[in-house]
Amino acid sequence: MTLRRKPAGIGRRKSAALLLTLSTAVAGAALAGPGAGVGQASSHREAPLIASDPQVDNTDLYAFSSPDKSDTVTLVANWYPFQEPNGGPNFYPFATDAHYDINIDSQGTGKPDLTYRWTFRNEDRRGDKTFLYNNGVVNNLTDPTLLFRQHYTLQEIRAGHRPVTLVRDAIAAPSNVGKASMPNYGRLRNQATRRLPGGGQTVASQAADPFFLDLRIFDLLYGGNLSETGHNTLNGYNVNTLAIQVPKSALAYRGNATRNPVVGVWSTTERRTLQLSPGKATPTGPYVQVSRLGNPLVNEAVVPAGLKNAFNALPPSQDHNQPRLVGRVLDPEVPKLIQKIYGIPAPATPRTDLQEIFLTGIAKAAGGPLAVDLNSQLLNKDIDKRRFVPAEELRLNMSTPVTADPNRLGVLAGDFQGFPNGRRMGDDVVDIALQVLEGATPGHLVQALAAGDGVNGPGRPFTGTFPYIALPFTDAVNQAG
Amino acid sequence: MRRLALIATAAALCAGLTGFAVLEHSADPPGPPAPLSAPGRGDSVPGGPQSMGAVITKLQAGLRQQPADAAGWAQLGSAYVEQARLTVDPTLYPKSESALRRSLALQPQDNTAALTGMAGLANARHQFGQAREWAGKAVAVDPYAWAPYGALNDALTQLGDDPAAQDAVQHMLDLHPSTESFTRASYALELHGRTTEAAQALQRALDDASSPADVAFCQHYLGELAFNTGHPQQALDHYHRALAADPTYTASLAGSARAEAALGQTDRAVTDYRAAVARVPQPQYVLELGELLQSLGRDGEARTEYGVLRAEQELFAANGVVDDLNLGQYQADHGDPQLAVTLLTAEWHRRHSVLVADALGWALHRAGRDAAALPLARQADRLGWRDALLRYHRGVIEQSLGDDASARTDLAGALAANPHFSPLHAPDARTRLARLQGHR
């Protein structure tokens, strides 16, 4: 099965993440161990088995030409979904044994030509006296009342070069512990925003989850009643966000965004493992990729269930070696479900159009049915096209002009700067994905599904300047409604 | 009291009433208040602490709507196992099995979640050979799934296949370094006597833990490591941190009691043990309380606890839990050593873990068969686990065989590892050692 219902009312998502993750979340609370329950603790220890791992869970990725600085691109990657803003000393740190990466493939090889990597360390001044994260009002990042801070280093890693440290030991904006403690979170986030050498800026912060959808739409594919849509399941929850704005030339192949305007982007998280080799174990080991995200909804609506773990572990350069993945793109399950439930005929297979959207980017040279030159690295003039491989990436043509009045349906509505040509905060990727899966093309929507999930924008509006993502919510979700 | 409810349930089961529908089980069985509800958090808070009962209720509701949802049945089956672990209610195991089998019937192919659930259930029932098989099937379906390697490791550890168990942990670590794999790594390291590294692995597990229950788990086992290395005050601090993270983490209440007893705070220890047993009648807590009471000369109260323990063991057996190890350990020290030898010999035929080796060796000693006991006591030492009780057992066996030099070394070693390892046996170790050293 590709689609999973949301179990037990627990949402979790990856990108939109409706499905699979849901199971992980329940598991976190629920499916722990193969516990014995009997016997000496020492005789049969029951360890947790299937916990969720939200700290390293990629939820969404955005890549767009900055609307207010059109010579730059903004990349925003989110982690750690469903952060409840209220309810006590809640703090949602980044993991300190992880790499938080945004990867850029400018040649179409499925391998990163460039990686922006954030790593974190904790500064914990709480001691044993308190478990609270602040002992007074926090007006500034450096206020002594803030007892727990995360510092981060941002590196730029280019293939074949030594890593360059762009930001050393900067302070991340903390989780917002509430209006009384942090009366002006925007000020904290501004203080946390750092200029980059060579132009650009970055910030690590908590933010309102910008993804918007009705998670129940996937329940309803089973329930067969789209009239119940329209509730933004994610409204009120926060995420951790890493945002970076850089000149287009920093991303483009050979630094030339005119000749090589297309980049493929995906985010990954790696965690450091541990070596147990007998006799010389050290508590460290290499880093292992545990989460990956490019296009929204791919992990939910495209990747087959038995391949999700592999998908999260593999680099995009391996996608074309996964026949089950390619097969599912060419023959997706969602349209069949919709046909069964709503009687809307599924488009004929193989779906080479979807292959173009998800795996190659849209270009005449990609050989697919969408004969438009939009966002494949094959459009880059200086690359070696023999090295090009189909790979699941969020592809952005940086030369597409910024749209003055963006349309939430992006390319489908003739707004070629929107998803799937990169992704902006306001792009309604659930509705777009449903339409695309049903075979819609620009200007030709599938009317029966035109209402989509009935959620057309985020609960808290994104902003017009970097980092665009909204400040975190502060009210308990159950009250915020 | 909770235990009476359990025993009543056992009686019902024994009367053949096991066929009730899987979904009919109310989420929170009668007895003490469900220990898992966290104050101030709604049930629907994703990612927040949820009571297992609430999770089960929601899964049940969803499955009433979508009875063909194979993944939902798999989750429900695993949730029952977890609920059973937290509440020590083995009547949930048959329900778990029904749910998991239903999942497998609905989706026979590629059902990693249900296969992993079956492995977890088999582990919970101490059917470690079956657990290994189920986990192997899950791995075959999805080699990138890391959870089955956890169940596989648990099974292999208990079966005594230590190299394979270690491989499974390493595989799990390399697929998904996380609290689930670091905690297992810690146990593997501890069993191999690498206590410092075991604590480091637990610290990493703690750093990655995102739920109160996982934080409590890591703090608790940091406490266990501290206690087992002779640091009861440090252990108590860890147990308190576990309870601060998750006040319902009863294992740390029992741990606190054990540490308090070691620190001489016996009244507080008895109180905390009784509170822990009232919340979750884990046989281990009952046994420890009984032994503490016995060490305090309160033999009548101790006998009451041992009676409860025997009833619980019958209940577990009635629900498919094979636990000859636990029962044998109890019989060796407090009941019939011959029976203990019978039970543990059967267990030894099933699996060769160091724990079974130790228990069988000790039972043989208690039955007067020290020559047969010694090779098993040495088997128990094969990984280098620095466990005071194991070493004490070996020392006593050696002493009985007249090997005073070895006995002195091992008894002193046991007390050096942890002077408070048992309220009954640590004083005995001291007495024996003094006798062996000639200062009576």
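What is the mean pLDDT of chain B, and what percentage of its residues reach 70 or more? The mean is 86, and 88% of the residues of chain B reach 70 or more; pLDDT is the predictor's confidence in each residue, from 0 to 100.

This is a predicted model, in which local features need pLDDT of at least 70, side-chain atom pairs count only at pLDDT 80 or more, and totals for chains, interfaces and linings use all residues. Residues are numbered from 1 along each chain as its sequence is written, chains are lettered from A and ligands numbered from 1 in the order in which they are written, and side-chain values use heavy atoms, with hydrogens and water left out.

For the complex, the predictor gives an ipTM of 0.84 and a pTM of 0.86. One stretch of chain B calls for care: over residues 1–49, pLDDT stays under 50. For that stretch the model has 85 contacts beyond four places in sequence, a contact being heavy atoms within 4.5 Å.

**Chain B as a whole**

Here are some totals for chain B. Helices (H or I, at least four residues) and strands (E, at least two) are DSSP runs, numbered from the N terminus. Buried means under 20% relative accessible area, exposed over 50%, and partly exposed in between (1.4 Å probe, protein chains only). Accessible areas come from the Shrake-Rupley method with a 1.4 Å probe; for residues, only the protein chains shown count as cover.

| Feature of chain B | Value |
|---|---|
| Secondary structure | 23 helices, zero strands |
| Buried residues | 61% of 440 residues |
| Accessible surface | about 15700 Å² |
| Surface belonging to carbon and sulfur atoms | 54% |

**A look at helix H23**

Helix H23 of chain B covers residues 425–436. Among the buried residues of H23(B) are His425(B), Ala429(B) and Leu436(B). Seen down the axis, the buried residues of H23(B) fall within an arc of 120 degrees, so they line one face of the helix; the arc is that of the directions from the helix axis to the C-beta atoms. Their cover includes helices H17 (324–334), H21 (388–400) and H22 (404–417) of chain B. Just after H23(B), Gly438(B) takes a positive phi of about 85 degrees.

**A sheet in chain A**

Chain A has an open sheet of five strands in the order E1-E2-E9-E8-E7, with antiparallel pairing. Strands E1 (58–65) and E7 (194–195) of chain A stand at the edges with a single partner strand each, so one side of each is left without a neighbour in the sheet. Two strands pair if DSSP finds at least two bridges between them, and E7(A) pairs with E8(A) (residues 201–208) over two bridges. Arg194(A) stands opposite Thr202(A) in E8(A).

Conventions
Expected span 1.5 Å × (residues − 1).
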